[in-house]
Amino acid sequence: MIDALRSELAALAPATAPLEPDAAAREALMNLAFGHAQEFLRGLAEGPSYQDPAEAHVSPLEPEFAEQGRDPAAMLAYLGRSVDRPGITTASPRFMGYIPGGGLFHSALGDFLAATANKYSGFASAAPGAARLENATIAWLARVIGFPEGAAGTLTSGGSLANLTAIVTAREARDAEGGGAIYLSRTAHHCIDKALRIADRARAPRRLIAIDHRHRMRADALAEALARDVADGIRPWLVVASAGTVDTGSVDPLNDIADLCASHGTWFHVDGAYGGLFMLCEEGRAALGGIERADTVALDPHKTLFLPYGTGAVVARDGRHLFDAFSASADYIQPLGESLVGPSPADLSPELTRHFRALRLWLPLQIAGIAAFRAAQSEKIRLARYFHARLSALPDWDAGPEPDLSVVAFRYRAAADADDFNDRLLRRVQEEGRVFLSGTRIGGAPWLRCAILSFRTHLAHIDETIHVLVRAAAALQSKTGD
């Protein structure tokens, strides 16, 4: 039997050879991939920000998965044709629709190196260097938002998982038996509602707090809701504030909210997925005062630090709460020994097996330097102010509230049916494909959104966006005879 197995294994081994290309083949593949990336990046400056999604379905692979390998050059050409070009080009400097994931080239190198070494970063004892980078990166993020020593956190796949992790942590720390009330405004991101459902708190008492004319939670309304619940014997459990709302980028009055949470013993969570890391620059710190007083903060480095999608984080002021909520073990897990590099990331997260995410942030910070990130953030906030000022100077436009950060919500107001006109204006701009903006509804009315957060977006792109909007509006007015 053993001889038969040896013979079968000897026959199988050569068939696995394509999985382990030799040095020459690896170099050829890298050259092809690098050339493909270079061509894509060269095309961003003048290429469209949006192309017909139907192109993704042209010339499909038949079959999609073949028994034998295909020509690498042909596969890269297929990716360029069917993946890179169709739909929204989020790497474009004129992509200002949704909050972009910038896609720093340094991060692509970090992901390549992380995937090549394939270190398991969940346990400090298994990959102490990788765990140290994870912990060092989280510690840096915590310092940026002003958290003290003793803070801890974990890198996640994005803001949704970061907010879920924070809410589970808050549940275990302050509401393990349930019954506590939740306070948030209608401007809270919809992932908060999803997180509450997953955390088995969908049926908890929920108070929708009124917002002001700048779309920020009203601290006086929150104070009234908290006092009313206490008087009725309902325990305040969780307040969720926003450091940059999804619609308008507005920042809730974080210091006032922190005062209220402190006086009621209420867990204070800040959804800073979009805006929290603007604390790195002076303009951001002026808008975000009080975020350092939160119990937990959700962050998205793939937004405000321009990283590729799939990079979120959650930090807790007292790291022990994360450990208490997520640390677990099993008989088959045998740590290899004590580590001096800090906690194991798996003990602070719902994830056990995870990508070595830290390298996609750590490497750009080392190569580009923190000052470059700080300058880029300041530029984006100032570009948003410039966009708002230019639009405010045009008589037919409502530029909305002055931006707290780098999102501007605006609309055209000179049409007879302004709501229908703004819907059509957004569609026209998107279909032209040069600039990509998005829309939302505020008070039931359609508004356009300009979200300025790509490291590639500069003054000329904002001037071009204003030109595109004015030209599109004039064309629509001429067509409809308004």
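Where does F306 lie? I found F306 in the loop between α11 (301-304) and β9 (312-316). Helices here are DSSP runs of H or I with at least four residues, strands are runs of E with at least two, and both are numbered from the N terminus.

**Ground rules.** I am working on a predicted model, where local features need pLDDT of at least 70, side-chain atom pairs count only at pLDDT 80 or more, and totals for chains, interfaces and linings use all residues. Residues are numbered from 1 along each chain as its sequence is written, and side-chain values use heavy atoms, with hydrogens and water left out.

I looked up phi for F306. It is positive, about 65°, although F306 is not a glycine. F306 counts as buried because its relative accessibility is 2%. My cut-offs: buried is under 20% relative accessible area, exposed is over 50%, and partly exposed is in between, with a 1.4 Å probe and protein chains only.

N118 also came up. Its phi is positive at about 55°, and N118 is not a glycine. I placed N118 in the loop between α4 (105-117) and α5 (128-144). N118 is exposed, at 60% relative accessible area.

Next, the peptide bonds. E62 and P63 are joined by a cis peptide bond, with omega about -5°. P63 sits in the loop between β1 and α3. I noted these entries because most residues other than glycine have a negative phi, and most peptide bonds are trans.

**D52.** I then turned to D52, in the loop between β1 (50-51) and α3. D52 is partly exposed, with 46% relative accessibility. What does D52 touch, not counting residues up to four places away in sequence? I got P86 and G87. Contact means heavy atoms within 4.5 Å. D52 and P86 are 34 residues apart in sequence, yet their C-alpha atoms are 5.7 Å apart in space.

**α2 and α3.** I checked how helix α2 (residues 23-42) packs on helix α3 (residues 72-84). The angle is about 25° and the axes are 10 Å apart. Axes are lines fitted to C-alpha atoms, for helices over the stretch in contact, and angles run from 0 to 180 degrees between N-to-C directions. α2 and α3 are therefore roughly parallel. The classes I use: under 35 degrees is roughly parallel, over 145 roughly antiparallel, 65 to 115 roughly perpendicular, and the rest oblique.

The crossing of α2 and α3 is right-handed. Right-handed means that the near helix is turned clockwise from the far one by less than a right angle; anticlockwise is left-handed. From α2, L29, L32, A33, H36 and F40 take part; from α3, P72, A73, L76, L79, G80 and D84. By class, this contact of α2 with α3 has eight nonpolar, two polar and one charged residues. Ala, Val, Leu, Ile, Met, Phe, Trp, Tyr, Cys and Pro count as nonpolar, Asp, Glu, Lys and Arg as charged, and the others, Gly among them, as polar.

I followed P72, which is found in helix α3. P72 is partly exposed, at 33% relative accessibility. Leaving aside neighbours within four places in sequence, P72 contacts L29 and L32. I also took the separation of P72 and I182: 110 residues along the chain, 53 Å between C-alpha atoms.

**α6 and α7.** The axes of helix α6 (residues 159-174) and helix α7 (residues 190-198) come within 9 Å and cross at roughly 45°. So α6 is oblique to α7. Their crossing is right-handed. G159, S160, N163, L164 and I167 in α6 meet C191, I192, A195, L196 and I198 in α7. I sorted the α6 and α7 contact by class: seven nonpolar, three polar and no charged residues.

**α5 and α13.** How do α5 and helix α13 (residues 359-368) cross? I read roughly 70°, with the axes coming within 9 Å. That makes α5 roughly perpendicular to α13. The crossing is left-handed. L133, T137, W140 and L141 in α5 meet L359, L361, W362 and L365 in α13. This contact of α5 with α13 divides into seven nonpolar, one polar and no charged residues.

**Cysteines.** How many disulfides does the whole structure hold? My search found zero. A disulfide is a pair of cysteine sulfur atoms within 2.5 Å. C450 is in no disulfide either; the nearest cysteine sulfur, that of C281, is 17 Å away. C261 is buried at 3% relative accessible area. C450 is buried at 0% relative accessibility.
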